[in-house]
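Morning, everyone. I have one structure to walk through today. Please bring it up on your screens.

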Amino acid sequence: MNTWFFYFLKKSVFQRRGRFLISSSAVMLTVTAVTALVTVSSGIRDKLGSQLSRYGANMIITDTRGRTISEKTAGDLRTLSADVREFSCQAYGTIRTGTDDVEVIGKDLGGLSGYRIHGRPPEAVNEAMAGVSLRDALGLKEKEPFPLAGSKEILTITGFFERGSDEDAALVMPLATAQRLLGLSGVSAVLLNVDTRAIGGFEQAASARFPHLRVKTLRQVAAAEERLLDKVRLLMLLMTAVVSFSSVIALGSTMGATVIERMEEVALMRSLGAAPGRIRCLFLSEAVLAGTAGSVAGYVLGFIAAEAVSKTAFGEFVSISLAAGPLAFVCGILIAATTAYFPVRNAMKLMPAKILRGNQGA
Amino acid sequence: MLLTLIKKSFVNQKKAMAVMIIAVAVGTALAASLLTLSLDISAKVSKELRSFGANIVIRPKVAALAGLAGQPRYLREEDILKSKALIFWRHNIVAVSPVLLVKDPDTGIPVLGTWYRHSLVIPGEQLPFVTGFDSVMPWWRIYGTWPATNREVLVGGMLAERIGIAVSDTVTAGGRQFRVSGILNTGGKEDEMIVGDLQTVQTVFGLPGKVSQVFVSALTTPMDDSAYKDPKTMTQKEYEKWYCTGYVTSIAKQLEEVFPGSFASPVWPVAETEGLVLDRLELLVALLTALSLLAASLTVSTTMIMSLLRRTKEVALMKAVGADRRDTALIFSAEAVVIGLAGGLAGYLLSLGLTDYIGREVFGAALEQHEVLFPACTVLAVLIAMVGVFLPIRKAQQIMPAVVLKGGE
């Protein structure tokens, strides 16, 4: 490597700015698409998983002895694992109206999902909402007190809900209200949504730490979550593969065309006495340079694109995939170099005189 | 003269043309595949989400002021057929599972009657509709076999453990003896019940043709604000639009109409999650498709530009021989059209294979093909080829033949 080399390299890049830009743009586009896809793919499990966790709990913990779980134990369960995505407590029991026993469910009413509510959900401590079946059976009216028997409590019905389950025949109220009405000091059940990959481990840890608790996985939810996440991941993987493959091919033909275009230059250099090795080196260096510039720009753009996609689709940003950066970088350079290599080698095989005379591609 | 030049340019540039056609074909394959995927992803994921369980439940209407401890109410088993034969959205009904829940007066154990791979013959359809809890609740597991005769039942896992029952033992229900053909594991309250075929339970407890609830698994359109409106407050036009869109609420309403004395509700936890997930995924795939398409078409364009920029000498010669601006434009455009058509066709065919593979690998079913994509993608390919040719054409038209032929640029 002497000054001649760097002089040529510099001239190559600056005088043929257009060509250089096109090559590095092609690399950039490929790297952008692949980086964006890989980044989104790596984050999709988390994003989609947290969407699914809004479905509700996939694990339910109760006391085998039929007692309540203390607030302290509930808190311990929550912090038992970092994979706990959703956590809530519920209290169950029955209360009497004039002639019937009515089921009561006390729960955390912040962020209520899976209910269609007519009226408004209960907020204050003496409010409750009734399921539509209960409403029809007892002829309940909104904003009127619930006909409690044998209690001085006044419970105001704030609205009615539809859930599509047996809960429609129950009264739903804030956890504290239920605890007071039913005379409970703790909670009847702890509901969790745990990352499906960590469910087995959590079950073991919880059972080991609290042997008197029954830890049950709600297979309806867990199995379905897992299936869906698997399919989506596979889909993303295939999409990434398809896009990468086609981008590489398109990129390859661009780079190839770049070199073919300059066969005359190669011929000229050879007839002037340049060693084949040097010439190869020059072209490869140019390709690597274009590849580097394109890769860096592509990675940045790809990352921005991934964040834009993630924010639009999921309302959250996706974390940087540390693997994507170096991977994209190396790939960009490798592809640029590889696709430049073969045309150069072919060009070298030809007789300079032939090329210079104008029998191109002979 | 012009035609000769066009023909010659193809013949002489075989290799280069092949490269460009490949690039366009690959780009078109990608575009067609991604577009097919975006269009079908909603339907595929919708089907996948059915494994979350029933999204509609039909229950007997609660008689006003009847109190909770009133007479048990039932629906008619014969009305179930109408959900697949009559309603507007019958093709969206994927699976149906009726249940009859009775409490055994002697033992106090709840007994559940339901369908498992039950064949429903639908008038006008060649194949029977096979449905049951295996379709609606795929997480229910049988260890053993489903009752083959009306002298067999399943026992829920927790119940079996509690009373010490295993497969092949005998259990009593409704005053009769049954052989336990299997243990049922659901992870829900059915684990505490004795479960048998619907007909068996109906006969044993003297409730022929009756069911307590019907669970329905339907393909629905994600809800939007208009769908949440109370139908009673809608205008005629709004009502028609709502009724004819496959919202979970409108399908539920139509099911309610064919079951006398019923009220049908969406199972809101399932329905809500479904809508949310579908919306998100659709958007995600659309965005990624747009991104990939943009990148791919730009890359293909650069390929074209690169391939053609090097032919300035050729253009100079053409001009020296007498071709004018219009001719050079025509020659290059003709090339672009041929490349676009050839590449577009090849790409579309490639995409058919690709979407087939992706569909089968991920969803176990081929993606729905949209024939309109063929002309659409071919036109796109030609357009991209033309874009890729535009720059060189501009440059070509500016060339001074003498300068180039002498070796300048």
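A definition to start: a salt bridge here is a side-chain nitrogen of Lys or Arg within 4 Å of a carboxyl oxygen of Asp or Glu. Keep in mind that this is a predicted model.

Now an example. Find Asp168(A) and Arg59(B). Their side chains form a salt bridge, 2.5 Å from N to O. That counts as a salt bridge because the cut-off is 4 Å. How many salt bridges are there between chain B and chain A? Four. Polar contacts come next. The interface of chain B and chain A has 13 residue pairs in polar contact, with both residues at pLDDT 80 or more.

Which elements of chain B supply at least two residues each to the side that touches chain A? They are α2 (14-49), β1 (56-60), β14 (262-266), α9 (268-309) and α11 (325-363). The top contributor is α9(B), with 25 residues. By type, that side of chain B splits into 46 nonpolar, 17 polar and 12 charged residues.

On to the totals. In contact are 75 residues of chain B and 72 residues of chain A. The buried area between the two chains is about 6400 Å², and carbon and sulfur atoms give 70% of that. On the chain B side, Phe52(B), Leu68(B) and Met306(B) lose the most area to chain A. Together they make up 11% of what that side buries.

Last stop: chain A. Its helix α9 covers residues 276-314, 39 residues in all. From first C-alpha to last, the helix reaches 54 Å, close to the expected 57 Å. After α9(A) comes Gly315(A), with a positive phi near 75°.

Notes
Residues numbered from 1 in each chain as written. Chains lettered and ligands numbered in written order. Heavy atoms only, no water. Contact = heavy atoms within 4.5 Å. Buried area = accessible area lost by both parts, 1.4 Å probe. Polar contact = N/O pair within 3.5 Å; in protein donor to acceptor, adjacent residues only side chain to side chain. Helix = DSSP H or I, 4+ residues; strand = E, 2+ residues; numbered from the N terminus. Nonpolar A, V, L, I, M, F, W, Y, C, P; charged D, E, K, R; others polar. Expected span 1.5 Å × (residues − 1).
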